[in-house]
Amino acid sequence: QLQLVESGGGLVQPGGSLRLSCAASGFTLDYYTIGWFRQAPGKGREWVSYITRNSGLTNYADSVKGRFTISMDNAKNTVFLQMNSLQPEDTAVYYCAGRGGFPAVGKQFYNYWGQGTQVTVAS
């Protein structure tokens, strides 16, 4: 079965950068989408970005557009989220998620989830 493991979170100062990784294993399909979501305390899980395995199509939430970049190492089935110009409002647990098929932004469409990695942006 599919397993997703996030890493790379930590504490950074405002304006700093982090690179998150999502290592996927157990895929049986070549056509799938990996998304990044985040959840701050007391808030719902919100979509951040996605990338497709088949075409490399990417998209971003307006809140992170221009600051975050998603990419994929297809050979290693690893997805990265480069986060620049981090601000306190980016503080959250970040999750990667997977689904077979076309890209989507709703969390309900993703049926595989990692355990999350904490990102804290503070002075």
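Two strands pair if DSSP finds at least two bridges between them. In this predicted model, strand β2 (residues 10-12) meets that criterion with β11, because three bridges join the two. The β2 and β11 strands run parallel. Within this pairing, Leu11 has Thr120 of β11 as its bridge partner.

Strand β9 (residues 92-100) is also joined to β11 by three bridges, but here the strands run antiparallel. Tyr94 stands opposite Thr117 of β11. Strand β11 itself spans residues 117-121 and has two faces. Thr117, Val119 and Val121 form the covered face. Gln118 and Thr120 form the uncovered one.

Side chains of opposite charge can pair when their charged atoms come close. Four salt bridges were found across the whole structure. One of the contacts joins Arg38 to Glu46, at 2.8 Å from N to O. Arg38 is buried, with a relative accessible area of 5%, whereas Glu46 is partly exposed at 38%.

Arg38 also forms a salt bridge with Asp90, at 2.9 Å from N to O. Arg38 lies in strand β4 (residues 32-39) and Asp90 in the loop between β8 (78-83) and β9, so this pair ties together parts 52 residues apart in sequence. Asp90 is buried, with a relative accessible area of 0%.

A salt bridge also links Arg67 and Asp90, whose closest N and O atoms are 2.8 Å apart. Arg67 sits in the loop between β6 (58-60) and β7 (68-73), 23 residues from Asp90. Both Arg67 and Asp90 are buried. Through shared partners, salt bridges join Arg38, Glu46, Arg67 and Asp90 into one network.

Methods: Residues numbered from 1 in each chain as written. Predicted model: local features only at pLDDT ≥ 70, side-chain atom pairs only at ≥ 80, totals over all residues. Heavy atoms only, no water. Buried < 20%, exposed > 50% of the residue type's maximum accessible area, 1.4 Å probe, protein only. Helix = DSSP H or I, 4+ residues; strand = E, 2+ residues; numbered from the N terminus. Salt bridge = Lys/Arg side-chain N within 4 Å of Asp/Glu carboxyl O.
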